[in-house]
Amino acid sequence: MKGTASLSESGAYNQEAFRYLLESESKRSERSGHFCQVLLMYWTDAQGRIVQMDSHVAKTVMAASSRSLRETDYIGWYRDGRIVGAVLTVLMKESMAQVSAHLQPRLVEILRGELGVQETNRLQIRVCQHYELEGIEA
């Protein structure tokens, strides 16, 4: 993983780089006793299946995430073109619930203003632990 070769055109990490950073942060968290969470944002169809984001939605989601998260958090493609992810470094277990409770509504509000209600209703935002990622691949 070298320099900008791991960044997509939106400035976010591509899937390979993002997964590497996610694994590294998860291992670091386990060793240090600190915690991290994973933010996932994806678009769904009428049946609730995860579908490809169009480029406008993807760029808007990446930009809103970048403005809403800290510089120490990593933003990239958890699954290229379909699932935007962010690795949220959290220092104390007690703050993990606060991250989810404050971040999700803030992102929804920003995205609703930029994408509109109809597009935002198709967007799912989920905060989870690394071990909860199994099954998200569908």
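Colleague: Does Glu114 count as buried, partly exposed or exposed, and what is its relative accessibility?

Modeller: Please keep in mind that this is a predicted model. The general idea is that a residue is buried under 20% relative accessible area and exposed over 50%, with partly exposed in between. Glu114 has 38% relative accessibility, so it counts as partly exposed.

Colleague: With which residue does Glu114 form a salt bridge?

Modeller: In general, one looks for a side-chain nitrogen of Lys or Arg within 4 Å of a carboxyl oxygen of Asp or Glu. Here the partner of Glu114 is Arg67, and their closest N and O atoms are 2.4 Å apart. Arg67 belongs to helix α2 (residues 55-68) and Glu114 to helix α3 (residues 94-115), so this pair ties together parts that are 47 residues apart in sequence.

Colleague: How many salt bridges does a search of the whole structure find?

Modeller: The search finds four. Among them is the one between Arg49 and Asp45, with 3.0 Å separating the closest N and O atoms. Arg49 is exposed because its relative accessibility is 51%, whereas Asp45, at 19%, counts as buried. Another salt bridge joins Arg70 to Asp73, where the closest N and O atoms are 2.9 Å apart. In that pair Arg70 is partly exposed, with a relative accessible area of 43%, while Asp73 is buried, with 8%.

Colleague: Let us turn to the rings. Which residues form an aromatic pair, and is it stacked, tilted or edge-to-face?

Modeller: The general idea is to examine the angle between the ring planes: under 30 degrees counts as stacked and over 60 as edge-to-face. The count comes to one aromatic pair. Tyr13 and Tyr74 form this pair, at 6.2 Å centre to centre; with 75° between the planes, the arrangement is edge-to-face.

Colleague: Over the ring of which residue does the charged end of Arg122 sit?

Modeller: To read such a contact, one asks whether CZ of Arg is within 6 Å of the ring centre and within 35 degrees of the ring normal. The charged end of Arg122 sits over the ring of Trp43, 3.9 Å from its centre. Arg19, in turn, lies over the face of Tyr78, at 3.8 Å from the ring centre.

Key
Residues are numbered from 1 along each chain as its sequence is written. This is a predicted model: local features need pLDDT of at least 70, side-chain atom pairs count only at pLDDT 80 or more; totals for chains, interfaces and linings use all residues. Side-chain values use heavy atoms; hydrogens and water are left out. Buried means under 20% relative accessible area, exposed over 50%, partly exposed in between (1.4 Å probe, protein chains only). Helices (H or I, at least four residues) and strands (E, at least two) are DSSP runs, numbered from the N terminus. Rings of Phe, Tyr and Trp (its six-membered ring) pair if their centres lie within 6.5 Å; planes under 30 degrees apart count as stacked, over 60 as edge-to-face and the rest as tilted.
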